[in-house]
Amino acid sequence: MDKKNHKIERECLKCGTIQSLTVTKKEAAFDLIDYDRVLGVKCPKCFNKQFSITFQNVTLDLDILKEWSLDSELYLQEQDEELLLADELYLDIVLKTLDTHKILDHKRNILLEALCIIVYDNTIKENPKRDEDLKNRVIFELNTRIEQLRLADDWVMDYIKEVVYPQLNTM
Ligand SMILES: [Zn+2]
């Protein structure tokens with residue numbers, strides 16, 4: 001967990017100089033690095049101050065998600081956390097986190113919205129790769145957590161609700 005094996009690159013937007021560093025999974029997942037402090041405020045070659053940052057993709061795991069769910073100061077790399085989490089790859093750890101930890105209300109809402117987005121994505125005709133089995137599995141999981149979903153109601157976007165709620169038992 002604490003091994004520094006995730007690569008981050010910072011490229012100078014003026015001269016293209018690339019500085020790279022390796023960080024832990026946690027540092028990468030939550031973007032915890034203070035680049036100015038670690039790499040300096042200016043490009044070492046041309047002294048420009050504008051950069052682009054490239055992350056290696058981080059695959060989330062239960063430890064990371066658990067930590068995120070309990071700490072309001074932690075954000076996942078992506079701006080839209082619920083979109084990042086709305087992935088079959090993460091379905092099991094999302095469900096485990098919902099069920100086995102005393103998580104923050106706000107984080108629970110994000111996880112429930114992520115589940116709704118999976119149902120949405122696998123319902124709409126615009127998605128040629130929609131997966132009926134996955135959709136039905138997530139509908140089942142939402143139906144068993146309908147009280148939690150009611151508490152998250154204000155959080156879920158209306159266009160998602162319109163597609164997802166009619167497919168659930170008792171919303
Ligand atoms: Zn430069």
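Q: Into which domains is the protein divided?
A: In this predicted model, the protein is divided into domain 1, covering 4–55, and domain 2, covering 62–167. The C-alpha centres of domain 1 and domain 2 lie 31 Å apart. Six residues from domain 1 and five residues from domain 2 make up the contact.

Q: Which helix gives the largest share of the side of domain 1 that touches domain 2?
A: Helix α1 (residues 25–29) does, with three residues. Sorted by class, the side of domain 1 that touches domain 2 has three nonpolar, no polar and three charged residues.

Q: How many bridges join β1 to β2?
A: Strand β1 (residues 4–12) and strand β2 (residues 18–24) run antiparallel and are joined by seven bridges.

Q: Over how many bridges does β1 pair with β3?
A: The pairing of β1 with strand β3 (residues 51–55) extends over five bridges, in the antiparallel sense. Here Glu11 stands opposite Ser52 in β3.

Q: How is the packing of two helices described, and at what angle do α5 and α6 cross?
A: In general, two packed helices are described by the angle between their axes and the distance between the axes. For helix α5 (residues 91–100) and helix α6 (residues 105–121), the axes come within 10 Å and cross at roughly 140°. Helices α5 and α6 are therefore oblique to each other. The crossing in which α5 passes α6 is left-handed.

Q: Which residues make the contact of α5 with α6?
A: Helix α5 contributes Val94, Thr97 and Leu98, while α6 contributes Arg108, Leu111, Ala114 and Leu115. By class, this contact of α5 with α6 has five nonpolar, one polar and one charged residues.

Q: At what angle do α6 and α7 pack?
A: Helix α6 and helix α7 (residues 132–143) pack at an angle of about 145°, and their axes are 9 Å apart. Helix α6 passes α7 in a left-handed crossing.

Q: Which residues make the contact of α6 with α7?
A: On α6 they are Leu115, Ile118 and Val119, and on α7 they are Leu134, Lys135, Val138, Ile139, Glu141 and Leu142. The residues of the contact of α6 with α7 divide into seven nonpolar, no polar and two charged. Leu115 of α6 takes part in the contact with α5 and in the contact with α7.

Terms used. Residues are numbered from 1 along each chain as its sequence is written. This is a predicted model: local features need pLDDT of at least 70, side-chain atom pairs count only at pLDDT 80 or more; totals for chains, interfaces and linings use all residues. Two strands pair if DSSP finds at least two bridges between them. Helices (H or I, at least four residues) and strands (E, at least two) are DSSP runs, numbered from the N terminus. Axes are lines fitted to C-alpha atoms, for helices over the stretch in contact, and angles run from 0 to 180 degrees between N-to-C directions. Angles under 35 degrees count as roughly parallel, over 145 as roughly antiparallel, 65 to 115 as roughly perpendicular and the rest as oblique. A crossing is left-handed if the near helix is turned anticlockwise from the far one by less than a right angle, and right-handed if clockwise. Two residues are in contact if their C-beta atoms, placed from the backbone, lie within 7 Å. Ala, Val, Leu, Ile, Met, Phe, Trp, Tyr, Cys and Pro count as nonpolar, Asp, Glu, Lys and Arg as charged, and the others, Gly among them, as polar. Domain bounds come from an automatic or database domain assignment.
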